[in-house]
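Look over the structure first, then read on.

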Amino acid sequence: MNLNALWEYANPKKFIQTTDRVLPWFAGLAAVTLVGGLIWGFFFTPADYRQGSTVKIIYLHVPSALMAINAWLMMLVTSLVWIVRRHHVSALAARAAAPVGMVMTVIALLTGAIWGQPMWGTWWAWDPRLTSFLILFLFYLGYIALWEAIENDDTAADLTSILCLVGSVFALLSRYAVNFWNQGLHQGASLSLDKEENVADVFWYPLLVCMAGFVFLFIALVLMRTRTEIRARRMRALLARERMGV
Amino acid sequence: MKLKVSDLTIARGGIPVLEGLSFALDSGQALVLRGPNGSGKTTLLRTVAGLQPAVLGRIDVPPESLVYAGHADGIKPTLSVAENLKFWAEVFGNKDYSHAIDAFKLAPLADRPAGALSAGQKRRLGLARLLVTGRTIWVLDEPTVSLDAEAVALFATAVRGHLAAGGLALIATHIDLGLSEAQVLDVGGYRAKPLAENDFDGAFL
Amino acid sequence: MIALLLRDIRLAMRAGGGFGLGVSFFLIVVVLVPFGVGPQSVLLAKIAPGMLWLGALLACLLSLDRILALDWEDGSLDLLATSPLPMEGVVSVKALAHWVTTGLPLVAVTPVLGLLLSLPEAGYKWLIISLFVGTPALSVIGTFGAALTVGLKRGGLLLSLLVLPLYVPTLIFGAEVARRGADGFDTTTPLLMLAGITCGTIALLPFASAAVLRVNLR
C-alpha cells in the first residue's frame, strides 16, 4: 500500500467525507461488541472462587485502563504528525482524543476503587499502578486546560503538541519513579493488581470482546469529536472571512 | 547591506492582513510605512524582524544585522537609565553606551531609576537602545509615540546620522519626521484579499 | 548571556520579590505543618524530609510566573528574541537566574527549618544535598511551564496545573534521598536518579522552552 495516500485524509473535507461513511460502522461495532461482551461477561461467566461476583467489574476496568493509555499514545503520535507535517486534522484529533482519554482514566480509577473496596477493604491505596493513573489524569487535565486557555488555534496546537511530547517523557519517568517509590522503605507491594497474568480462559474471551468494544467506542468517539472540531474550525474560518468583507 | 522583501503575505492571528508587498532598501535609505490603524504595519515589522513567519514570500535580511523596537521599550523600572542601556549594549556585544546617552540628551537622567521617568523620557531611553546595539537595519514601530517636538527632532537627527553612516531604517509612523530623503509606502494598497482555496483555512471550507 | 544573568539577579534583589518571597513562603509552610499534624516530635521527625521537600517545591512554584511574565509585559522578550542571544540560551539563563534567586536561598535556609520540624541529625546532610541537586530541575521545568503560559492573562493557576505533574519524578526521588538519609539507609540509587533527571532536564528542556516561547511571541 502506498503510505503517501494516507496523508490525503489530512484534508479536512476529505476527512469529513470519509468518516461520514466509516463512522456508523465503528459506532455500530462498538455497540454490538460492548453490549455483547458485557452481557457475556456479567451473566454468562462463573463467579471467581475467591473474589465472587466482584471480579466481573474487570470487564469495565481493564478495557478502560487500556484505552486511557492508548488515548495518550494516540495524542502523542498525532502531536508529532502536527509538529512534523502540520496537518490541522492531526492536531484537532489530538484535541478530540484528550477528553475521551481523561474519561477513560476516570472510569479506570473509579471501577478500580469500587473493585478495591471489597477486595482489599480500601477504596484507595498508593499502589504504583493506581498512583500512575492518578498522575496520568493530572497530565490529561493540564493538556486540556492548555487547549482551552489559548485562543489562537495554531498557537494552541503548537503549544499542546510540545506539552504532549514533554509530558510523555515525564509521564514515563513518573511511572518508574512511582514504582521505585513504593518499593522503597515503607510498604512492600502487598497488593498486586496483576490480574491478567492468571485469568482463566472463561474470563479471558469476554474480556477480549470488551476490550475490542472499548477500542471501537474510542475510535467512534474520537472521530465524532474530531468532526465537531473541524466544523468549529470551519465556522471560525468562515467568520474570519466575513470580517475581511467577502 | 540590503534589506529585500519580495511578494510578501503576512497574517495576524491566522488571518491574512497584507499581501503582495515588495520593497528593497539599500545602505543609507529609509522607508516610512503608513496606513490606518489595524492595517498590518506592526505585523509587517514583526515579520521582517523574524518574530513571526511570513505566510508567503521572501524576506532577505543579512544575518545579525537587524534590531527591532516595538511599542514597548523593554525598560526595567528598577534599573537606572545607564544600567538599562549598559545591559542592552552588552547583550549586543558592545561596551560603550555614552554616545547613545548624548544623542538623546539622557545625561541628566543617567542615574535615575527608569521607573521614575516620564513616558516621553522612557521612549527616549528606548530609542537610545538602538544606538548601543550597533546594528545597521533599524525596524521601528511607532517610534515617536509620546515624544515632544524637541525629542522628535532628536530622533530625526539620530536616524539621519544612522543613514549617513550607511544604516537602513524601516519605520512605521503617523507623524512627519522631516526625513525628506525617506521613501514612503502606504500599506493600505496591499490589503489582503480572502485566500484562495488551497491555503489551510480554505481547506476547511 | 552573563549580562542577562546579572541583570535578572539584580532585578530580583532590587524588587525584593525574588529572595524574600520564596523563602518567607517556605518558612510559613513549615511553620503551618505542626499546626496541621500536631506537635509530637516523633511524628514531625518522620515526615520532616518530605514536608521540607514539598515546602521547597511550593515555594519554587510560587515565583515561576515571574521568570518570563515581567519581560513579556515590558517587551523585553521581543527585543531579546531579536538580539544575538539564542532563545535556548535566554531560557537557560532565565532558569539559572531563578535558581540562584529562589532555589539556592531555599537550600540555604533548610537547616533552620529542619530544626523546627525536628529533622533527625543524619537527615540534614542528605536533605541539603538532595535539594541542591534537585532544585535546578525545578527551575528548568518551571521555565518550560512559564514559557507555555507566558501570553495568557491569568496564567498563574494554569502554570501550576501544568508544572506540578512534571515535578512528580523530581519530588519522588528528592524526598526519597532525604528520607533514606534521615533513616540512615543507603541513598545512592535515588540520588543518582535525581541527578540524572536534573542533568537531563537541563540538557533537553531548554529546547522545548525556546520552541514554545517562539510560538508565543509570534
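B:Leu33 stands opposite B:Ala172 in β7(B). In β8(B), the bridge partner of B:Leu33 is B:Leu185. This is a predicted model: local features need pLDDT of at least 70, side-chain atom pairs count only at pLDDT 80 or more, and totals for chains, interfaces and linings use all residues. Residues are numbered from 1 along each chain as its sequence is written, while chains are lettered from A and ligands numbered from 1 in the order in which they are written.

**Strands around β3 of chain B**
- Helices (H or I, at least four residues) and strands (E, at least two) are DSSP runs, numbered from the N terminus.
- Two strands pair if DSSP finds at least two bridges between them.
- Strand β3 (residues 30-34) of chain B pairs with strand β7 (residues 168-172) of chain B in the parallel sense, over four bridges.
- β3(B) also pairs with strand β8 (residues 183-186) of chain B, in the parallel sense and over four bridges.

**The open sheet of chain B**
- Three strands of chain B make an open sheet in the order β2-β1-β4, with antiparallel pairing.
- Its edge strands are β2 (15-26) and β4 (56-60) of chain B, each of which pairs on one side only.
- From one strand to the next, the twist averages 20°.
- Axes are lines fitted to C-alpha atoms, for helices over the stretch in contact, and angles run from 0 to 180 degrees between N-to-C directions.
- Strand β1 (residues 2-12) of chain B and β4(B) pair in the antiparallel sense over four bridges.
- B:Thr9 has B:Leu56 as its bridge partner in β4(B).
- Helix α1 (residues 41-48) of chain B lies across β1, β2 and β4 of chain B and runs at about 125° to β1(B).

**Contact between chains C and B**
- Two residues are in contact if their C-beta atoms, placed from the backbone, lie within 7 Å.
- Chain C gives 18 residues to the contact and chain B gives 22 residues.
- On the side of chain C that touches chain B, α1 (2-15) and α5 (76-81) of chain C each supply at least two residues.
- The largest share of that side, six residues, comes from α1(C).
- That side of chain C divides into nine nonpolar, four polar and five charged residues.
- Ala, Val, Leu, Ile, Met, Phe, Trp, Tyr, Cys and Pro count as nonpolar, Asp, Glu, Lys and Arg as charged, and the others, Gly among them, as polar.

**Helix α3 of chain A**
- Helix α3 (residues 88-120) of chain A has 33 residues and should span 48 Å at 1.5 Å a residue; its end C-alpha atoms are 47 Å apart, which agrees.
- The expected span is 1.5 Å times one less than the number of residues.
- Just after α3(A), A:Gly121 takes a positive phi of about 75°.
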